[in-house]
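Here are a few exercises to work through with the structure open beside you. Try each task on your own before reading its solution.

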Amino acid sequence: MIPKKNIIQSIILITSLYSTAQIKDTVRLKPIDIKPFKTVNGIGHLPDSKNGIIYAGKKSEIILVDSLDANKAINNTRQILGRIPGLNIVETESSGFTANGIATRGLNPTQSIEMNTRQNGYNVSADVFGYNEAYYLPPMEAVNRIELVRGASSLQFGSQFGGLVNYVIKEIPKSKPFEILTSQTLGSFGLYNSFNSVGGNYKKINYYAFVQHRYINGYRPNSEQTQLSGFAKIQYNHSEKLNFGLEYSLLRNKLRMPGGLTDSLFYANPRASTRSRNWLESPWNIISTFANFTPSKNSTLSAKSTFLFSSRSLVWRNEDGGPQATDNIDPITSNFVAREVGIERMNNSTTEIRFSQNYKLKNQVSTFAAGIRQSYAWFKRLGGGQGTTASDFDLSISGNWGYDLNFTTSNIAPFFENIFKLNKKLTVTPGFRFEYLRSTIKGSKEIDGDIQISNETKTRTFPLFGIGLELKPTKNTSLYGNISQAYRPIDYSQLEPLGITSRIDSKLKDSNGFNSDFGYRGTIKNYLNFDFSLFYLAYNNRIGTALAVDDTTGDFYTIRKNIANSIHKGIESYLEFNFIKYFNPKSSYGFSVFNSFGYVDAQYTTGEFKGNRVEAATKIINRLGAILSSKNISTTFQYNYTGDAFGDATNTVASENPVAGFIPAYTVLDWSATYKYENYSIKLGCNNILDKSYFTRRTDEYPGPGIIPAIGRSFYIGFSAFFN
């Protein structure tokens with residue numbers, strides 16, 4: 001919000017300049033960007049409504065990426081998203097994933113599967129219901145801001161328990177024919193990152209595009225990565241009321257995967273590699289068209305249609321025998337064993353239409369927002385093919401595929417919410433979403449030499465209700481609370497896993513439950529920013545991994561099934577205080593300290609594991625930071641503590657199975673700095689200063705199996721230049 005006093009002063013100034021211009025000549029004023037959100041030191045929360053979407057009564061955060069000192073060349077999630085209270089990060093980007101995963105409130109962070117991941121408001125995962133894994137994320141050097149909404153986002157955006165994360169690409173420059181940015185970064189383990197963008201405006205046409213190339217040898221042997229990301233947007237401004245345009249995003253990469261480790265291998269040498277012939281390629285393509293119409297100052301209508309066509313291709317020495325099974329040349333054949341090949345083709349089309357209307361009710365302005373989402377996704381999984389005995393990236397196979405499966409998901413979801421403004425300070429926001437879901441699976445799979453034919457169709461509906469309340473005792477503070485229903489359907493990996501180590505329970509059911517929040521947030525001038533809240537999440541029929549014993553062989557194996565119901569409750573707290581701004585609000589210097597704290601008590605409440613902690617649920621996540629800034633220099637030091645967790649629902653401390661075991665707590669220190677002079681800047685920093693050896697994930701299949709180590713100490717330095 002902009003204070004009324006500042007608005008009046010601006011009107012007086014503009015009027016004065018206009019009057020002077022009548023006497024002398026025309027005066028061109030510099031454009032002023034008015035942001036529809038309140039931030040202090042780069043982090044804040046979303047307004048009651050924006051772009052036809054309602055956020056009133058919801059827990060939300062917004063991060064301005066350009067304001068951060070961070071290693072954006074490798075999308076360092078700890079530094080970029082570290083201020084989000086309770087955010088759990090699985091750090092696997094160096095071992096076969098193109099992006100680190102995130103989760104909140106004790107949910108599974110692997111590939112952000114519990115989150116609704118979007119770019120510029122549209123989904124970027126292959127299928128939010130069947131394959132909700134975030135393989136593509138835009139480079140952080142291209143991102144203007146990151147918007148997060150917790151579980152109450154289920155009514156506006158979909159059913160995910162973890163909520164929404166939306167990466168908003170930088171705005172198109174206004175009133176400039178062109179604007180060019182180039183950024184080059186070098187770092188440890190052979191890192192080279194080149195980011196280049198161009199944007200501008202010509203008459204009624206706006207455009208923006210970037211291309212990023214990144215190469216890194218990797219922290220561990222056999223972990224090199226090559227990545228090319230690109231984006232282009234063109235927008236035609238027909239009038240002040242109507243604009244429309246087109247966006248295209250691409251990702252091209254090739255990753256080598258060093259494999260997983262057993263506990264003994266990790267503690268002996270966390271940089272060890274058990275695989276040298278494992279490769280992954282995952283080209284991603286997203287086309288999105290949009291149109292925004294504002295028929296009046298109180299009405300908005302928008303439409304987005306998105307088409308995603310992507311794939312994931314994998315050739316690997318699979319998980320047979322676990323990480324302890326070495327991948328050596330057979331002395332008898334003088335060859336390696338044949339690798340396994342898998343190819344997944346992912347396509348979906350989605351259209352989302354939104355309408356909002358402000359209207360007066362008892363002398364107060366209320367807001368109605370409604371919309372409908374329609375999507376169709378088709379997914380083809382080919383796997384179990386016998387590959388070559390070579391070491392390069394080769395997808396050719398001999399014989400037939402072990403399985404050839406086709407999945408589809410159809411979804412229609414109308415929704416609405418309404419902000420009822422009861423007085424100047426109190427709002428009540430009820431909402432409803434109705435989800436129709438139809439899933440199919442067809443194809444064949446070979447099991448013990450027999451061909452099993454699948455042909456199943458499953459249709460279900462989910463009515464979701466929610467309500468939010470918000471009381472604003474002062475202009476810049478608010479009490480908020482909400483409760484919203486959510487669900488998570490069975491996804492493709494739970495129906496048919498990529499590997500064969502994990503077994504699947506034939507009686508799997510969809511998960512359901514609800515999210516609730518109660519908190520107090522606000523800002524005090526330009527020196528204090530805070531948000532304290534309590535949450536309660538109920539997750540019924542939770543699908544998880546448990547350790548079991550084969551009755552025939554006595555061997556241990558993991559099984560994916562509906563473990564039980566779980567309850568997640570806790571505290572999320574953020575506090576940032578700028579000492580210099582407190583004593584001198586007009587100072588060009590700043591020294592602030594922030595604390596992002598999350599406490600989660602996530603336990604199973606029914607079933608054989610009642611009282612056990614939910615797998616991957618970390619009790620305490622605490623991040624402390626200090627930021628020193630001036631007109632040209634800023635530097636940030638960050639302390640990151642993440643508590644311990646378990647790899648499976650049995651809470652096994654140690655096991656022969658690599659996925660079942662303890663995930664120890666760890667502490668990581670990061671430092672980054674930026675120097676700016678006119679249109680140039682230098683950035684440098686050190687991640688994991690103390691070279692801590694730790695891991696955040698155990699996996700029973702790709703890219704392991706076993707422990708996936710996080711990255712040790714690394715340095716980076718970069719140079720940026722800006723031209724217009």
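## Exercise 1: Rings and their surroundings

F579 is partly exposed, at a relative accessible area of 36%. Keep in mind that this is a predicted model.

**Task.** Classify the ring pair F577 and F579, and then the pair Y131 and Y135, from centre distance and plane angle.

**Solution.** 
- Next, take the geometry. The ring centres of F577 and F579 are 4.9 Å apart and the planes stand at 75°, so this pair is edge-to-face. The cut-off for that class is over 60 degrees.
- Widen the view: F577 and F579 belong to one aromatic cluster with Y527, Y582, F583 and F591.
- Now turn to the tyrosines. Y131 and Y135 are stacked, with 6.3 Å from centre to centre and 0° between the planes.
- Check their burial too: Y131 has 2% relative accessibility and therefore counts as buried, and Y135, at 1%, also counts as buried.
- For the overall tally, the model contains 35 aromatic pairs.

**Task.** Which charged residues sit over the rings of F157 and Y403?

**Solution.** 
- Over the face of F157 you will find R354, at 5.1 Å from the ring centre.
- For Y403, look to K445, whose charged end is 5.6 Å from the centre of the ring.

## Exercise 2: Salt bridges

**Task.** Work out which parts of the chain the salt bridge between E576 and R83 ties together.

**Solution.** 
- Begin with the distance: the closest N and O atoms of E576 and R83 are 3.1 Å apart.
- Then place the partners. E576 is in strand β29 (residues 556–578) and R83 is in the loop between α2 (77–81) and β6 (88–90), so the bridge ties together parts 493 residues apart in sequence.
- Finally, look at burial: both E576 and R83 are buried.

**Task.** Are K561 and E608 buried or exposed?

**Solution.** 
- K561 and E608 form a salt bridge, with 2.8 Å between the closest N and O atoms.
- This pair also links distant parts of the chain, with K561 in strand β29 and E608 in the loop between β30 (590–604) and β31 (620–629), 47 residues apart.
- K561 has a relative accessible area of 17%, which makes it buried, since the cut-off is under 20%.
- E608 reaches 58% and is exposed.

## Exercise 3: The nonpolar cores

**Task.** Which residues have the most contacts inside the largest nonpolar core?

**Solution.** 
- The largest core has 32 residues, and those with the most contacts inside it are Y131, Y208, F210, W284, I286 and Y702.
- Trace the strands next: β14 (205–216), β16 (242–257), β18 (284–296), β19 (299–316) and β22 (403–421) each supply at least two residues of this core.
- Y131 returns here. Beyond its neighbours within four places in sequence, its contacts include R312, M346, F379 and Y492.

## Exercise 4: Confidence

**Task.** Where is the pLDDT below 50?

**Solution.** 
- Over the chain the average pLDDT is 89, and 93% of the residues score at least 70.
- The pLDDT falls below 50 over residues 1–34, a stretch with 10 contacts beyond near neighbours in sequence.
- Where pLDDT is low, predicted coordinates should not be read in detail.

Terms used: Residues are numbered from 1 along each chain as its sequence is written. This is a predicted model: local features need pLDDT of at least 70, side-chain atom pairs count only at pLDDT 80 or more; totals for chains, interfaces and linings use all residues. Side-chain values use heavy atoms; hydrogens and water are left out. Rings of Phe, Tyr and Trp (its six-membered ring) pair if their centres lie within 6.5 Å; planes under 30 degrees apart count as stacked, over 60 as edge-to-face and the rest as tilted. Buried means under 20% relative accessible area, exposed over 50%, partly exposed in between (1.4 Å probe, protein chains only). A charge sits over a ring if NZ of Lys or CZ of Arg is within 6 Å of the ring centre and within 35 degrees of the ring normal. pLDDT is the predictor's confidence in each residue, from 0 to 100. Contact means heavy atoms within 4.5 Å. A salt bridge is a side-chain nitrogen of Lys or Arg within 4 Å of a carboxyl oxygen of Asp or Glu. Helices (H or I, at least four residues) and strands (E, at least two) are DSSP runs, numbered from the N terminus. A nonpolar core is a set of buried Ala, Val, Leu, Ile, Met, Phe, Trp, Tyr and Cys residues joined through side-chain atoms within 4.5 Å.
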